[in-house]
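Biologist: Hey, can you walk me through this one? I'd like to see it before we talk.

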Amino acid sequence: MTVTIYDVAREAKVSMATVSRVVNGNPNVKPATRDRVNEVIKKLNYRPNAVARGLASKKTTTVGVIIPDISNVYYSELARGLEDIATMYKYQTIISNSDNDAQKEQEIFNNLLSKQVDGIIFLGGTLSKETTNLIKTSSVPVVVSGTHDLDASLPAVNIDYINASKEIAEKFIQDGVKQFAFVGGGYSEKAQIDILAGLKEVLSANQLLLDEAAIYIGEEQYLDGEKAYEAVKAVNPEVIMCISDEQAIGIVHAAQDNGKDVPNDLQVISFNNTRLVKMVRPKLSSVMQPLYDIGAVGMRLLTKYMNDEPIEASKVTLPYSIVYRGTTK
């Protein structure tokens, strides 16, 4: 049988209001009374009902987290940073996996609102127009972390994909590369748009073009890397820029299976820099995103909105670096 606040009050011979003050850390309770109530709470193994407390205080100290693919290492590293900051600020998280499905994403969003969460954070993924509209009419604050909505109107934490892409393209062109390919996936539409924009800008400035046959959009998974390589190999790319580490590793292996020497015949670089980049041989070159920090800063930004703290900037762009390893010359 569930122990209620009434049971604790009766056993401790105090009012339910006194038990509530003890549970919520209110200092206006005599030390002896506080000790007696805490002893009864321990004895009865009482657990305060977060929803009931939320109805009274209008806060449940819970945060909804929506992740497009919880099995993806990229998102798990974002979630680690988020969880640490949530714990620091005494928030519990409700983590839900949307499978990058827009309809499921909207169902999860509405379900989280029904659970009286104080705020919601999206970790990565592509937000549909319908989801974005839901967010804009939300009764609680929402932050997107590791992504942007397509019109970039929501509070967000990310890196500058355009500049990262331009920096990479300029480096390869200086090294004599003329033929590029790009491989993306369904989880990161805005990041893909930005990477392609940066790449095409640099190519145009150097009188080069990106062949449409050199662009492949897949699923950001390892096996999809093999399909990606088959799709773009006809243009004989010298460099493949790939948004996902998993896809990039699949590309490396598929190229090797086709007799290509990586990096002498083909260079590959990704944009995630998860721990997977050091598990492949040769080690994968990548844009080093501060994944932990992206999750952590996103959660901290959300706590500011939830607690009406001053917001210096609704969009936070974190620094990145580019690490050239064994898959590039």
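**Loops, rings and helices**

Modeller: Let's start with a loop: Asp308 is found between α12 (291–306) and β11 (315–317). Helices (H or I, at least four residues) and strands (E, at least two) are DSSP runs, numbered from the N terminus. This is a predicted model, where local features need pLDDT of at least 70, side-chain atom pairs count only at pLDDT 80 or more, and totals for chains, interfaces and linings use all residues. Residues are numbered from 1 along each chain as its sequence is written, and side-chain values use heavy atoms, with hydrogens and water left out.

Biologist: OK, what is the phi of Asp308 like?

Modeller: Asp308 has a positive phi of about 55 degrees, although it is not a glycine. Most residues other than glycine have a negative phi.

Biologist: And is Asp308 buried or exposed?

Modeller: Asp308 counts as exposed, because its relative accessibility is 71%. Buried means under 20% relative accessible area, exposed over 50%, and partly exposed in between (1.4 Å probe, protein chains only).

Biologist: What about Asn45?

Modeller: Asn45 is not a glycine either, and has a positive phi of about 55 degrees. Asn45 lies in the loop between α3 (31–44) and α4 (50–57), and at 49% relative accessibility it counts as partly exposed.

Biologist: Switching topic: how many aromatic pairs are there?

Modeller: Five. Rings of Phe, Tyr and Trp (its six-membered ring) pair if their centres lie within 6.5 Å; planes under 30 degrees apart count as stacked, over 60 as edge-to-face and the rest as tilted.

Biologist: Why is the pair of Tyr74 and Tyr75 edge-to-face?

Modeller: Because their planes are at 85 degrees, with the ring centres 5.0 Å apart. Both Tyr74 and Tyr75 are buried.
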